[in-house]
Amino acid sequence: MTETAALAIEGLHKSFDGLEVLKGIDLEVREHEVVCVIGASGSGKSTLLRCINLLEPVNAGRVLIEGEEITARGIDVNRIRQRVGIVFQAFNLFPHMTVIRNVTLGPIEALGSSKADAEALATELLERFGLADKRDDYPDRLSGGQQQRVAIVRALAMKPDVMLLDEVTSALDPELVAEVLNVIRELAAGGMTMVIATHEMGFARDIAHRVCFLDEGVILEEGAPEQIFSSPREERTQRFLQSIIDAGRM
Amino acid sequence: MRKVLSFLAVGSLLFAACAEDNPTIGGTGATATGGTGATAPATAADCAAANADAFLSPGTLTVGTGNPAFPPWWEGGTTDGSEFEFNDPALGEGYEGAVTAEVATRLGFSFPDQVAFVPVSFNKSFAPGDKDFDFVLQQISYKPERDDAVDFSDSYYNVNQALVSAEGTSVADATTIAELQDAKLGAPIGTTSLDVITEEIQPTQEPAVYDDLAQAVTDLQNGDIDGIVVDLPTAFFMAAVQIKKGVVVGQFGAESDEYFAMAFGTGSPLVECVNLALAEMTEDGTLDAIEQQWLADKTNAPVLS
Amino acid sequence: MSYAGGNPQFPVGSPGLDPRAPVPSGDRGSKILEPLRAEGARGVAIAVVSTVVVFGLIAFAVLTSSGWPAIKEAFFDPTIFWDSLSKIMEKFSRNVFIFVVAEVFVLILALILAVMRSLRGPVFTPLRILAAAYTDLFRAVPTILVILLLGFGAPSLQLKGVPHSDVFWAIVALILVYSAYVAEVYRAGIQSVHPSQVASARALGLSRGKTMRFVVVPQAVRRVLPPLLNDFIGLQKDSALVAVLGYTEALRQAQIISAAEFDFTPYVALALVYIVITIPEARFVDWLVARDQRRRQAAGGV
């Protein structure tokens, strides 16, 4: 390959208690690319994302960020994690801290920014995503959608190279989903490299440069969204998409 | 003949005095009120017989005392099967042991077969409600404040408080109370010994108050306190046995009117029976003899004034 | 009360939970008067009648019992009560000193022990063993024994520099013993913080130590305020144990008066003093917990 991929995964295997969940994942994500990972529950989507920022240790295989192998021995895990932003489905925000403190904690304590700098950046980000008036509130005063947006802002405040989004709208009330998806759209438009695990097929079709279908621990099929959603090659992909249509989610 | 007459005279005088203090309980036929001049019991045994129902366990005298039973009040060592530590009261040895045995006999009980001993903690001796004993004796001093909670017998021992210490302490050679001003003194809880410290000596340092004497002795040996105030016989015992290089420094108030008494439940008609017994023992010299036997070497100490 | 996070009525992470909806404050289970609100006026009437009847019967049974006059005199004598109260309260300031000083150190030492025990990673094994052994030892030995051993034993060594003060050793003993209990309370709190909170913090690149310090411990402590208060109340009462060393604090003072008067009323006076200080403490912690519960709902949602 001529240019270094933003993110490269080679032969990734991951087991829990003897049960193999990821059975050899190969994936390359170029800079500014948005890759959506779809698949049934339990297919390993969350595990895959958590392996990328080393929240889960890898059993076999390599992960490289901007060409640096982060699965090598002796790597400074914390430094790597500062370069990879991740947002979970739930329990993101720290409930005992205000929104602004949630956002500035990472930059101050992990990146060593000054309080003034951190707050300036945080304020700017909160304003950009329409959350400025919430800065001194505690998370319990925010709606689910607002909390997820703050969680994204918090990850962005670390100025990551890659953003990983793990089903960030799955736990939200339907009417709150849109505001979060819009934030993600904006990030994509701004050129952020992202790997997004999602159930929102319509959204994936809109935003993804590439879609990967994860099934039983391997990437069964991957390609452009039009191809995957309109004419999937694999039978299991078809069945999965059919079940989504039947459930009225596409 | 004269002995009998004088005994009757003393006995009835004492009896009249006691009778006024003790109200009648129930109607078992025991006429204990003075002034009526009716059938007043002449001897302790008569009194006990007339009040046979008032005993906790008919046909038995139930006596309570503290566990462990310490010398010189109780002696003779332990017996298998007895729950008492140090000494078995049923042996009737030691000052309180001998007094109890004598009183029991005069009440008409054979000792030790018709006498039962039960361990009674200090607090239990005056707690309200039904008692586990007919009377309790464990070096309890009569105090007017205590009179509401229990009924006291007459004195069975006139007691002086004393100071015991160890060689080399700041108070070991003291001869006056003034020399004790700067000392750190200790006393067991619930005793008039503590009153002596706070009212007579009045040292600048607060007294240390202990649950039991063993702890007081430990602090004395550590040098954390300079001396312990206890009753005189106990002071001798401690100096001889418990304290290394122990010394009885002296006793307080030779004219002290403090005395040990048995404690009964309020309104118990047995008080006068025991008082009769004590009077008999005083009159015929038995009490003195008991004191000679068990406390003879435990009464000579210089007076601190 | 569940410390697993969130209100058990609203399952964690379920779609449809909108944290903007009013959340129940406090702990549902302990609202004594809760059923009344539900039932309305009729419910209130029933409650009043039932309360009056039950307590009235109890009072009647007690006050007309044959032993009551003796009990009244022995436990509730007004003269002795007022006389002893001032002396007892004066000595109670010594108890306050002991348990306040002890509690400060307990809260610190216990947290250190709990964090030691929670450290992951094989290199920390000796620390974990040490913390576990400490906790086992000091929860096993009765507190009074520790005080006796230290209070009489340490001065017996006659070593230079070893303090002889009763208060000193009592405080040390209380710190050693209560740190063991409180460490376990903290540990329960630490373990109850949702693992995603740790994941979120580590994902930001925060070290283990900083994650503990900024994210886990603050949440853990808030979660275990009620059992922390429980242990503090126990400590307040155990401050009386210094008396076995010969030091006169409030309980010993009550004992002295009781023995002199052959009356138990001084103990009743002391009990009242304890009640008067403990109840506000409990209400204060309830308030703290209710405030924290609201914020925890957020963690229970998204």
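Where is B:Gln138 placed in chain B? You'll find B:Gln138 in the loop between strand 3 (135–136) and strand 4 (151–158) of chain B. Helices (H or I, at least four residues) and strands (E, at least two) are DSSP runs, numbered from the N terminus.

## Ground rules

This is a predicted model, where local features need pLDDT of at least 70 and side-chain atom pairs count only at pLDDT 80 or more, while totals for chains, interfaces and linings use all residues. Residues are numbered from 1 along each chain as its sequence is written, chains are lettered from A and ligands numbered from 1 in the order in which they are written, and side-chain values use heavy atoms, with hydrogens and water left out.

## A glutamine in a loop

B:Gln138 is buried, with a relative accessible area of 16%. Buried means under 20% relative accessible area, exposed over 50%, and partly exposed in between (1.4 Å probe, protein chains only). Setting aside neighbours within four places in sequence, B:Gln138 is in contact with B:Thr65, B:Gly66, B:Glu96, B:Val120, B:Ser121, B:Phe122 and B:Tyr156. Contact here means heavy atoms within 4.5 Å.

Two of those partners come with distances. The side chain of B:Gln138 reaches the backbone oxygen of B:Val120 at 3.0 Å, and a polar atom of that side chain lies 3.4 Å from the backbone nitrogen of B:Gly66. B:Phe70 sits 68 residues from B:Gln138 along the chain, yet their C-alpha atoms are separated by 9.4 Å.

## A threonine in a helix

Over in chain C, C:Thr265 belongs to helix 12. C:Thr265 counts as buried, at 0% relative accessibility. Its side chain has a polar atom 3.3 Å from the backbone oxygen of C:Phe75 and reaches the backbone nitrogen of C:Phe76 at 3.5 Å.

Not counting residues up to four places away in sequence, C:Thr265 touches C:Glu73, C:Ala74, C:Phe75, C:Phe76, C:Asp77, C:Ile80 and C:Phe81.

## The nonpolar cores

A nonpolar core is a set of buried Ala, Val, Leu, Ile, Met, Phe, Trp, Tyr and Cys residues joined through side-chain atoms within 4.5 Å. The largest one has 57 residues, and C:Phe92, C:Tyr186, C:Leu228 and C:Leu235 touch the most other members. Elements giving two or more residues to this core include helix 4 (78–118), helix 10 (225–238) and helix 12 (265–300) of chain C. Helix 7 of chain C supplies the largest share, 14 residues.

Zoom in on C:Leu228: leaving aside neighbours within four places in sequence, C:Leu228 is in contact with C:Leu107, C:Val182, C:Val185, C:Tyr186 and C:Val221. There's also a second, separate core of 49 residues, which includes A:Val34, A:Leu131, A:Leu172 and A:Leu241.

Key. A polar contact is a pair of N or O atoms within 3.5 Å; within protein, one must be able to donate a hydrogen and the other to accept it, and residues adjacent in sequence count only if both atoms are side-chain atoms.
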